[in-house]
Amino acid sequence: MSFFKLNNDKVAVITHERTYTYNEISRVEFKSTQKELVLILCENTIDILSTYVSAMNSQHAVMLLSADINRELLEDIIIRYEPKWIVGLESYDGYERSSEYLVRIENINMNIHPDLAILLSTSGTTGSQKFVRLSYENIRSNAESIIKYLDIDEKERAIMNLPLSYSYGMSIVNSHLYAGASILLTDESVMEKSFWSFAKDQGATSISGVPFTYQMLQRIGFTKMELPTLKTLTQAGGRLNEKLVKFFAEYAKERDKRFYVMYGQTEAAPRISYIPFEKVLEKAGTIGVAIPDGHLEVNESTGELIYKGANVMMGYAECLEDLAKSDELGGVLHTGDTATVDAEGYFTITGRMKRFIKLFGLRINLDEVEKKLESSFHIPLACTGSDDKLIIAIEQEIFVEPIKKAVEDLYKLHKTAYKIKVMDIPRFANSKTDYMKLKESCL
Amino acid sequence: MTNEEKLREIFVEALGIDINQVTEDLAYNTIPEWDSIAHMALIAEIDDQFDTMLDTDDVLDMSTFAKAKEILVKYDVEF
């Protein structure tokens, strides 16, 4: 049975060039006598989207990578996972070119678990060869939960400008195609004029963004734009500072729109929780409640946030042999985040399990320091460190003195125990802080 | 420093590119360095150094170096 239902004449995809109904999405054939791996280098084009949909419907496993992935890493991944088909590459040693993809010349016996649907990288574009294994059931159940709480129906027209290889982007595509809704497909950012004319002309009903998107939206004066068809804004992909949550929550309230702050992890395909839009002002700073059919709890002894649901991944893959593995987690995900929960069942992330340093034997949670300073200064900053020094990276020189004072006041740290560094904070393409790089450049 | 030199320097800093790359027709999204993230930094730096507060259309219109000068003229910056 097909994963995505394509036999209808409703609008599926709108690009800058034209409109495609579900029937008009090309069916790309992936023929093999066994289950294979399809590697797709993702861009937001109709060709890539059609290939993704076809590959999902073919029941082969699909690996989604960013088209601007580092070439060396890509080569390592191809050697390690031996995909039968590669989409989005002109040529590759040992592969033959056909119209839609490259096909491996040599036949290899593959052993891929029948439930395995999608492989997503654990670290975006900078990447590793470690992947999250998602099953058809993971994808289906998460799409259904999202459809429920965002109330997605066939009339929905979602702007999709996030990468498909990024779990948030993938979930927008899955949930909307699953609901029989439409996707406005573009690679443009909110910083481009043509993005806005596309959104207006095509009657976009929802926009999705990571924290940096919302910083940009605020800077370009989004709240003054006339967007009558737009009714939903969603935010995920990292913590949006509370000031901005409130800014957009107020806007949504005044303009009769819905603003959803959401939390998730690629390991959960990816959505885990959300704040119901009517609660976003009251519950700003929290990650909300579990998605429909999911369950959240805080482990009493460790403080770790635990998620349970049908969308929890099968496990990780680090080599070809791992693709044969069945479900290893049994629907239980240790998020690695620590959290608290309030009387009404709203969860608040307090830090990461592993981002601790010890200063003079004192356990310091780097995320808590970051959060605390961010809420006092409202500037971009990031903390890293080793067991003898806390490092606070900031981007503006003028904040060095006030932050020094705050750190000494808050944490009673001696001046040799910490350092404030003025620098460009390294970030991933999705604007999340690259803590690995930050640590490397500071220590 | 002339305003032209100042603007050129802002482009170099915000985009992290070589001064020789800052030509009149240097355009948004034509080099990997000038993406939406760098554009935010560029706008912030321009606002800061020329003491402006560019409005929506101008932020979105500022797609080349030449265009940036054209826009700044509206804010009484002389070139």
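These entries record what I looked up in a predicted model of chains A and B.

**Entry 1. The contact between the chains**

I began with the contact between chain B and chain A, to which each chain gives 14 residues. The area buried there is about 1,300 Å², and carbon and sulfur atoms give 66% of that area.

I counted five residue pairs in polar contact between chain B and chain A, both residues being at pLDDT 80 or more. On the side of chain B that touches chain A, the elements giving two or more residues are helix H2 (36-50) and helix H3 (56-61) of chain B. H2(B) gives the most, with six residues. By class, I recorded eight nonpolar, four polar and two charged residues on that side of chain B.

**Entry 2. Salt bridges between the chains**

How many salt bridges are there between chain B and chain A? I found two. In one of them, A:Arg219 pairs with B:Asp47, and the closest N and O atoms are 2.5 Å apart.

I also looked up B:Asp61 and A:Lys193, whose side chains meet in a salt bridge at 3.0 Å, N to O. This pair joins two chains, because B:Asp61 lies in helix H3 of chain B and A:Lys193 in helix H5 (residues 193-201) of chain A. I noted both residues as partly exposed: B:Asp61 has a relative accessibility of 21%, and A:Lys193 has a relative accessible area of 41%.

**Entry 3. The two domains of chain A**

I then moved to chain A, which is divided into domain 1 (1-351) and domain 2 (356-442). Their C-alpha centres lie 31 Å apart. In the contact between them, 14 residues of domain 1 meet 11 residues of domain 2. The area buried between these domains is about 1,000 Å², with 52% given by carbon and sulfur atoms.

I counted two residue pairs in polar contact between the domains, both residues being at pLDDT 80 or more. Strand E21 (residues 347-352) of chain A gives four residues, the largest share of the side of domain 1 that touches domain 2. That side of domain 1 has four nonpolar, eight polar and two charged residues.

The count of salt bridges between the two domains is one. The side chains of A:Arg239 and A:Glu374 meet in a salt bridge, at 3.4 Å from N to O. What does this pair tie together? A:Glu374 lies in helix H8 of chain A and A:Arg239 in the loop between strand E13 (232-235) and helix H7 (242-254), so the pair ties together parts that are 135 residues apart in sequence. A:Glu374 is buried, with a relative accessible area of 17%, whereas A:Arg239 is partly exposed at 41%.

**Entry 4. Other salt bridges**

Over all chains, I found 29 salt bridges in the whole structure. Among them is the pair A:Glu144 and A:Arg140, with the closest N and O atoms 2.6 Å apart. I asked how these two residues are placed in helix H3 (residues 136-150) of chain A. They are separated by about one helical turn, because they are four residues apart in that helix. A:Glu144 is partly exposed at 34%, and A:Arg140 is partly exposed at 24%. I also recorded a network of salt bridges that links A:Lys279, A:Glu282, A:Lys283, A:Asp342 and A:Glu344.

**Entry 5. Loops and backbone**

In chain A I examined the loop between strand E14 (258-264) and strand E15 (271-274), where A:Thr266 lies. Is A:Thr266 buried or exposed? A:Thr266 is buried, with a relative accessible area of 18%. Beyond its neighbours within four places in sequence, A:Thr266 is in contact with A:Leu120, A:Ser121, A:Val132, A:Leu134 and A:Ser167. A:Pro270 is also found in the loop between E14 and E15, and a cis peptide bond joins A:Ala269 to A:Pro270, with omega about -5°.

I noted positive phi values in residues other than glycine: near 50° for A:His378 and near 65° for B:Asp76. A:His378 lies in the loop between helix H8 (366-377) and strand E24 (381-386) of chain A and is partly exposed, at 38% relative accessibility. B:Asp76 has its place in the segment after helix H4 (65-74) of chain B and is exposed, at 70% relative accessibility.

Note on methods
Residues are numbered from 1 along each chain as its sequence is written. Chains are lettered from A and ligands numbered from 1 in the order in which they are written. Side-chain values use heavy atoms; hydrogens and water are left out. Contact means heavy atoms within 4.5 Å. Buried area is the accessible area (1.4 Å probe) that two parts lose on being put together, summed over both. A salt bridge is a side-chain nitrogen of Lys or Arg within 4 Å of a carboxyl oxygen of Asp or Glu. A polar contact is a pair of N or O atoms within 3.5 Å; within protein, one must be able to donate a hydrogen and the other to accept it, and residues adjacent in sequence count only if both atoms are side-chain atoms. Ala, Val, Leu, Ile, Met, Phe, Trp, Tyr, Cys and Pro count as nonpolar, Asp, Glu, Lys and Arg as charged, and the others, Gly among them, as polar. Domain bounds come from an automatic or database domain assignment. Buried means under 20% relative accessible area, exposed over 50%, partly exposed in between (1.4 Å probe, protein chains only).
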